[in-house]
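Here is a short tour of a protein chain for you to follow with the viewer open.

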Amino acid sequence: PPDGAAAFETTFHHAGHSCRLMSDSAELFGQIATLLCDFRVFKAHSSPHSTVRIAEVAEGMAVFQDGRPLWRAGTPDEARFLAMQALIAALTGDDATSAILHAGLVAKDSAGLLLAGTTGRGKTTLTLALAEAGWAFAGDDMIALRADGTATALPLGAHLKQTKDLLARKDARVVAWCDAAGGLYWPRHAVPPGSPIDIRAILLPHYAPDHAPALMAVSPETALETLVTTGSEPVGTTRSLSGIATLVNTAPAYTLTYAATAQALDLVADLLQAP
């Protein structure tokens, strides 16, 4: 790990867990501090539970947690992704969090719908549409999964790639980075941070303008493969897939093909009404 102090430093705190971020990059520091703004504290904890360090090295940007490298040096986007995974795991309890899922999460009365899959399939758009249709927003892009297959809500800002879509939303609590590349959007109706969410179903959305809307059940094996190949990662010292395996064996999974958001909402409503 690099020696010396980083140029930028702050501490995040949630539910008795604190984590220090140290960064040599002003851009990455600003992005992460914005995403985690609800959990930032300006009086440093004397002994945070964990320290995440983003360091500029000859090969690119490297991320360390408590002096341990998390991966090879990579691009700024890769470094931000790794650092956010480590920070979310620390804030939701390293001893309890088994994986960080690349997914969206909404909930009603502690029962959740997980929307997973690769970037560009419409999961963030559909997550926010469900939040506007009566569900509570519980997170986007990085969802903390416990070993028992339940999730811990940490509703960070959702990233919308189109600025026009961002500006069209009227129920924002906070909007940030509003530029040509889109921005971050915090819905007003969100699950309280730290709430346990029992995931009742996994949706694998696929926005396809030229296809008829369809909802089709998939096997636990397909759901597992989709999760682990689209950015979901085990965390912790063991880096075990057991939490993800428990999830896919207890929550039914479906592909959701749709050409319009209203079609997707109708299919979700039909799913929830099915016996």
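Threonine 97 has arginine 146 of β11 as its bridge partner. This is a predicted model, so please read each pairing below as a feature of that prediction. The two strands concerned are β7, which covers residues 97–101, and β11, which covers residues 143–146. They run antiparallel and are joined by 4 bridges. Another pair to look for is alanine 99, whose bridge partner in β11 is leucine 145.

β7 also pairs with β18 (residues 233–234), again in the antiparallel sense, here over 2 bridges. How much of β7 is buried? The count is 5 of the 5 residues, so the strand is largely enclosed by the rest of the structure.

Follow β11 onward and you come to strand β12, residues 151–152. These two pair in the antiparallel sense over 2 bridges, and alanine 144 has threonine 152 of β12 as its bridge partner.

Together β11 and β12 form a hairpin, with 4 residues between the strands. Which residue in the turn has a positive phi? That is glycine 149, with a value of about 90 degrees.

## An open sheet of six strands

Elsewhere, an open sheet of 6 strands has the order β3-β1-β2-β4-β5-β6, and its pairing is mixed. Its edges are taken by β3 (40–41) and β6 (68–69). Each of these has a single partner strand, so one side of each is left without a neighbour in the sheet.

Within this sheet, β4 (residues 50–57) and β5 (residues 60–65) run antiparallel and are joined by 6 bridges.

## Glutamine 31 in helix α1

For a look at a helix, go to α1, residues 26–35, where you will find glutamine 31. Is this residue buried or exposed? Its relative accessibility is 15%; buried means under 20%, so glutamine 31 counts as buried.

What does glutamine 31 touch, leaving aside residues up to four places away in sequence? Its contacts are Arg80 and Trp177. Tryptophan 177 is 146 residues away along the chain, yet the C-alpha atoms of glutamine 31 and tryptophan 177 are separated by 9.1 Å.

## The whole protein

Stepping back, the protein has 7 helices and 19 strands. Its radius of gyration is 18 Å, close to the 19 Å that the globule rule gives for 275 residues, so the protein is as compact as a globular protein of that length. Along the principal axes, the C-alpha atoms fill a box of roughly 60 × 40 × 35 Å. Of the contacts with a separation of 6 or more, 65% are between residues 24 or more positions apart.

Buried residues make up 51% of the 275 residues. The accessible surface comes to about 12500 Å², and carbon and sulfur atoms account for 54% of that area. As for charge, there are 19 positive and 27 negative side chains, and the centres of the two sets lie 4 Å apart.

Terms used:
Residues are numbered from 1 along each chain as its sequence is written. This is a predicted model: local features need pLDDT of at least 70, side-chain atom pairs count only at pLDDT 80 or more; totals for chains, interfaces and linings use all residues. Side-chain values use heavy atoms; hydrogens and water are left out. The radius of gyration is taken over C-alpha atoms; the globule rule is 2.2 Å times the number of residues to the power 0.38. Buried means under 20% relative accessible area, exposed over 50%, partly exposed in between (1.4 Å probe, protein chains only). Contact means heavy atoms within 4.5 Å. Accessible areas come from the Shrake-Rupley method with a 1.4 Å probe; for residues, only the protein chains shown count as cover. Lys and Arg count as positive and Asp and Glu as negative; His and the chain ends are not counted. The place of a charge is taken as NZ of Lys, CZ of Arg, CG of Asp or CD of Glu. Two strands pair if DSSP finds at least two bridges between them.
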